[in-house]
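My entries follow the order in which I consulted the model.

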Amino acid sequence: MRSAKDFFAPLAVGAPAPVREVPARPSRAIHFFDPSNPKMAAKVPDMVGTVDVLLGNLEDAVKADKKVEAREGLVRIGQDVDFGPTQLWTRINSLDSPWALDDLTTLVPAIGHKLDVVMVPKVQGAEDIHYVDRLLAQLEAKAGLERPILVHAILETARGVANVEEICGASPRMQGLSLGPADLAADRRMKTTRVGGGHPGYLVRQDPPKGEDGTAQIEAQRATYQQDLWHYTVARMVDACAAHGIYPYYGPFGDITDVVACEDQFRNAFLLGCVGTWSLHPKQIAIANRVFSPSVEDIRHARRVVAAMGDGTGAVMLDGKMEDDASLKQCLVMVDLAEQLAAVDPELKKQYDAIDAEPQGA
Ligand SMILES: CC(C)(COP(=O)(O)OP(=O)(O)OC[C@H]1O[C@@H](n2cnc3c(N)ncnc32)[C@H](O)[C@@H]1OP(=O)(O)O)[C@@H](O)C(=O)NCCC(=O)NCCSC(=O)C[C@](C)(O)C(=O)O
Ligand SMILES: [Mg+2]
């Protein structure tokens, strides 16, 4: 077992010191692109500044015979593009694949100074993070990097979900977790065939009405309510991440055309505590940015609670509702997030600033 004192020592001589706190950088949408796809790759420079994270995907969705091209394409993009305020992430191939080692040993020396986060798929337990942690430290030391590259794990196996807390706490590099609903469904032997989202068969049904003789009318028309297949896993992720000071994200929503259900799924994750999600197609970026930014109404209310609560203790009535220390803390989560987002999103800043100009009592 590592001593707590060793935890923040670099894992290789000359590697940068691990971070003590994971920076809270806006990451509402992690936008996936395939660096081996010339059309997608060509769009990357123009996407800088329009999305919080651009992620060069090397794993699933990249054809096996394009793996090297994708890796080399990402190196070129990383070297040529000025990412400004936008973070650059990559998803490497899974650790049991023939490509993962070359992914890391190629990317870190070539573009490690620009890579913010390495996403590791199909993480099963702390041992996977320990492997990547040490290897990254060795490569960072060799490349003379001055800041550590952070690690993000995708939960997409039953074992990964069972080990979620130890994964989050496996290294100071751990930045966050995403849900991998497609692989997770397969690994769990769920009977779904989709990439994230709901299923019409996963529902609860209203109780049957009673007939005149008091018997239940089983065949009567009854409302059904579709349930969220991913609630359990996302909730576990949120708790594990919060307990370890790192960030939870939803993941992919594969029905690109159903922008309405996509928005609902993203909003569930936002309300439950996730800080962002994935975008697989340019049209999902706007959805994610909208959903993962607190609404003007929420910020207006949150600021009123902050003002009404003075030194932050006690209880007050606002619009007929009780506000106290704990509701204030929730409002502060919103206000802090709004400030972070306003710093990178001028349109959002304008909307939040306009609240201050509203007449009192509006
Ligand atoms: C869905 C697809 C095939 C539709 O691609 P398309 O070309 O058919 O769509 P389109 O609507 O015709 O595209 C319009 C334009 O946008 C471009 N475009 C389209 N997508 C992008 C993009 N992402 N970034 C930048 N540009 C993009 C596309 O090239 C085209 O350019 P054009 O106007 O010049 O012709 C395509 O969007 C795509 O391949 N997206 C990424 C898919 C991906 O990364 N999947 C892996 C993540 S999900 C996953 O791995 C699961 C998980 C977690 O592991 C687990 O649950 O287990
Ligand atoms: Mg997967």
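The entries below concern the annotated residues and their surroundings.

**Entry 1: the annotation.** I worked with a predicted model. I looked up the UniProt record, an unreviewed entry, and found that its "binding site" annotation covers Arg91 and Glu156. I then checked their placement: they are spread over 66 residues of sequence, yet they cluster in space, with a largest C-alpha distance of 13.7 Å. I also noted that both Arg91 and Glu156 belong to the lining of the second largest pocket.

**Entry 2: Arg91.** I located Arg91 in strand S3, which spans residues 87–91. Is Arg91 buried or exposed? Its relative accessible area is 7%, and buried means under 20%, so Arg91 is buried. I looked up its contacts beyond four places in sequence; among them are Phe32, Leu55, Asp60, Met119, Ile154 and Trp278. Asn57 is also in contact with Arg91, and a polar contact of 2.9 Å joins the side chains of these two residues, Arg91 and Asn57.

**Entry 3: Glu156.** I found Glu156 in the loop between strand S5 (150–155) and helix H5 (158–162). Its relative accessibility is 4%, so I recorded Glu156 as buried. Setting aside neighbours within four places in sequence, I listed its contacts as Pro121, Lys122, Gly180, Asp183, Leu184 and Asp187. For Lys122 I noted a further detail: its backbone nitrogen lies 2.9 Å from a polar atom of the Glu156 side chain.

Entry 4: I compared the two contact lists. Pro121 touches Arg91, and Pro121 is in contact with Glu156 as well.

Definitions and conventions. Residues are numbered from 1 along each chain as its sequence is written. Chains are lettered from A and ligands numbered from 1 in the order in which they are written. This is a predicted model: local features need pLDDT of at least 70, side-chain atom pairs count only at pLDDT 80 or more; totals for chains, interfaces and linings use all residues. Side-chain values use heavy atoms; hydrogens and water are left out. UniProt positions are given in the numbering used here, feature names are shortened, and annotations may be inferred rather than shown by experiment. On a 1 Å grid over the protein atoms alone, a cavity is a set of points where a 1.4 Å probe fits but cannot get out, and a pocket is an open set with protein on both sides within 12 Å along at least five of seven lines; lining residues have an atom within 4 Å of a point. Helices (H or I, at least four residues) and strands (E, at least two) are DSSP runs, numbered from the N terminus. Buried means under 20% relative accessible area, exposed over 50%, partly exposed in between (1.4 Å probe, protein chains only). Contact means heavy atoms within 4.5 Å. A polar contact is a pair of N or O atoms within 3.5 Å; within protein, one must be able to donate a hydrogen and the other to accept it, and residues adjacent in sequence count only if both atoms are side-chain atoms.
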